[in-house]
Amino acid sequence: MKFRAEINVMPLKALLDPQGKAVTNSMKNLSLSEIENVRIGKHITLVIEAGNKEMAKTKVDEACKKLLHNPIMEYYEFEIFEN
Amino acid sequence: MKFGVVIFPGSNCDQDMIYVLRNVMQQEVVELWHKEADLKKCDFIVLPGGFSYGDYLRSGAIARFSPIMDAVGNFAEKGGYVFGVCNGFQILCEARLVPGALMHNTERKFICKNVFIKPQNYDTLVTNQISRSKVSLKIPIAHGEGNYFNDAESLKKMNDSGQILFRYCDEQGNITPESNPNGAIENIAGVCNAKKNVFGMMPHPERAADTELNNTDGKLLFQSIVNLVTA
């Protein structure tokens, strides 16, 4: 069975995200000053063959831990869907 | 004394490193292609600068899974000397061979210029020939992701055990926020592992080790390496 994972890798909340900060500031120029604290990370999608959703989740978690995120500066979260 | 310089797809400072080791320092040097699995009996491994795998995902994140990195990891585990510069440092961080991570520069710009750094430990493989009376070293940087980070607990451990190699400073050797080019925590420009056999730094000593380049401060690091390893 094929599953699709939708993964978000984000800079740790305690860390300055200069890209997000620059975008937050530019919101003021768009008269959208209500918008604050923009944070920018990566969105990763992938397709995975697995017996069931739980097994797919375990594999995706392994991929996130081993390669897709660096725990010193990022955290991740994901959802699994039937493809 | 045999040096091995690892070449990844996207390495671009490998030939500068080889030139300095071979022509300036008169050492035996071999090239190690990243797909090879053995280190050709080298005594010292260098990971050069560049943009391995186009810096995809994160700088160094993909290169650390190149076949040769297993051998480099085993070599380091057994106490072998490994030195990473710029992208090489990023790869060592990603491989967890040295502590910490390198984030985007706070200004989000690629910075290519001379900076000043100050040794924080004069008894290491790369600093033992630097005189304490020399207040700073002028060495160029060229990176977009050189903003060193580690958590407070790890930093304390690293400070306590002399694992901070260099900090960014001004020409007079003052470690100030203004002399920090990339936002690195505690102005850190280079570190080593706890066993002090794996070293990484963002500045490029190989670009400052030839009189024709009008700056030889970087040569002091290579003299330190050759001094200690051939002693």
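User: Why is helix H3 (residues 87-94) of chain B described as largely enclosed by the rest of the structure?

Analyst: A residue is buried if 20 or more other C-beta atoms, placed from the backbone, lie within 10 Å of its own, exposed if 12 or fewer, and partly exposed in between. In this predicted model, 8 of the 8 residues of helix H3 of chain B are buried, so the helix is largely enclosed by the rest of the structure. Among them are B:Phe89, B:Ile91 and B:Leu92. Helices (H or I, at least four residues) and strands (E, at least two) are DSSP runs, numbered from the N terminus.

User: How are residues and chains labelled, and which confidence limits apply?

Analyst: Residues are numbered from 1 along each chain as its sequence is written, while chains are lettered from A and ligands numbered from 1 in the order in which they are written. Because this is a predicted model, local features need pLDDT of at least 70 and side-chain atom pairs count only at pLDDT 80 or more, whereas totals for chains, interfaces and linings use all residues. The pLDDT is the predictor's confidence in each residue, from 0 to 100; chain B averages 96, and 100% of its residues score at least 70. For the complex, the predictor gives an ipTM of 0.88 and a pTM of 0.95.

User: What does the radius of gyration say about chain B?

Analyst: This radius is taken over C-alpha atoms, and the globule rule is 2.2 Å times the number of residues to the power 0.38. For 231 residues a compact globule would have a radius near 17 Å, and the 16 Å of chain B agrees. Chain B has 5 helices and 11 strands, and 55% of its residues count as buried.

User: What is the pattern of chain A along the sequence?

Analyst: Chain A follows β-α-β-α-β. Its radius of gyration is 16 Å, well over the 12 Å that the globule rule gives for 83 residues, so chain A is more spread out than a compact globule. Of its residues, 18% count as buried.

User: How many residues of chain A are in contact with chain B?

Analyst: There are 7, and they meet 12 residues of chain B.

Technical notes. Two residues are in contact if their C-beta atoms, placed from the backbone, lie within 7 Å.
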